[in-house]
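The stops below are given in the order in which to select them.

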Amino acid sequence: MSTLFPERNPFDILVRNFLQKTHQYQTLVESKLPHPVDIYENDNGLGLDIACTGIPKEDIEILIEGNTIKIHYNKPALDDKEVEYLHKGIAKRSFHLGWKIDNKYDLPKASAEFINGLLKVTVPLAKGNETKKLKIK
């Protein structure tokens with residue numbers, strides 16, 4: 001469900017190509033790279049920054065189901081003829097991301113904002129989930 005541990009990253013492709021003698025080399029252009037996401041934690045809670053360059057915010061769907069957050073975008077079919085790119089570096093492909101969020105975060109109070117092509121999801125820390133130190137009797 002998560003793209004935190006993709007099956008193929010550039011290093012994996014390099015190692016696989018080096019060790020597999022029977023297959024031809026696979027370029028990064030031919031492989032599907034994971035969608036760019038930054039996940040971080042600060043004093044306020046959990047943050048997810050998802051790159052959404054060229055994607056209208058109205059086309060992005062964020063669902064919260066229990067302790068899971070899911071973020072979807074389905075690329076619409078092209079209306080006009082296909083463009084022949086000389087170089088294609090901006091990914092406007094569909095993505096389906098999802099993560100299970102720890103109970104120390106208050107997922108129902110999550111918020112999202114769209115700033116300059118970056119979807120920023122913030123999940124605050126839950127109240128009452130502070131670390132307790134038990135005294136041994």
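**First stop: a loop residue**

Select Asn103, which is found in the loop between β5 and β6; helices (H or I, at least four residues) and strands (E, at least two) are DSSP runs, numbered from the N terminus. This is a predicted model, in which local features need pLDDT of at least 70 and side-chain atom pairs count only at pLDDT 80 or more, while totals for chains, interfaces and linings use all residues. Residues are numbered from 1 along each chain as its sequence is written, and side-chain values use heavy atoms, with hydrogens and water left out.

Asn103 is exposed, with a relative accessible area of 60%. Here buried means under 20% relative accessible area, exposed over 50%, and partly exposed in between (1.4 Å probe, protein chains only).

Two strands pair if DSSP finds at least two bridges between them.

Begin with β1 and β2, which run antiparallel and are joined by 6 bridges. A hairpin through 2 residues connects them. Select Asp38 to find its bridge partner in β2, Asp49. Then move to β2 (residues 45–51) and β7 (residues 118–124), which pair in the antiparallel sense over 7 bridges. Gly45 stands opposite Pro124 in β7.

Pro36 lies in the loop between α1 (10–19) and β1. Pro36 is partly exposed, at a relative accessible area of 42%. Its contacts (heavy atoms within 4.5 Å) are Asp49, Ile50 and Ala51, not counting residues up to four places away in sequence. The C-alpha atoms of Pro36 and Ile50 are separated by 6.3 Å.

**Last stop: the core**

Which residues have the most contacts inside the largest nonpolar core? Select Ile50, Ile71, Phe95 and Val121, in a core of 18 residues. A nonpolar core is a set of buried Ala, Val, Leu, Ile, Met, Phe, Trp, Tyr and Cys residues joined through side-chain atoms within 4.5 Å. Finish on Ile50, which touches residues including Ile71, Phe95 and Val121.
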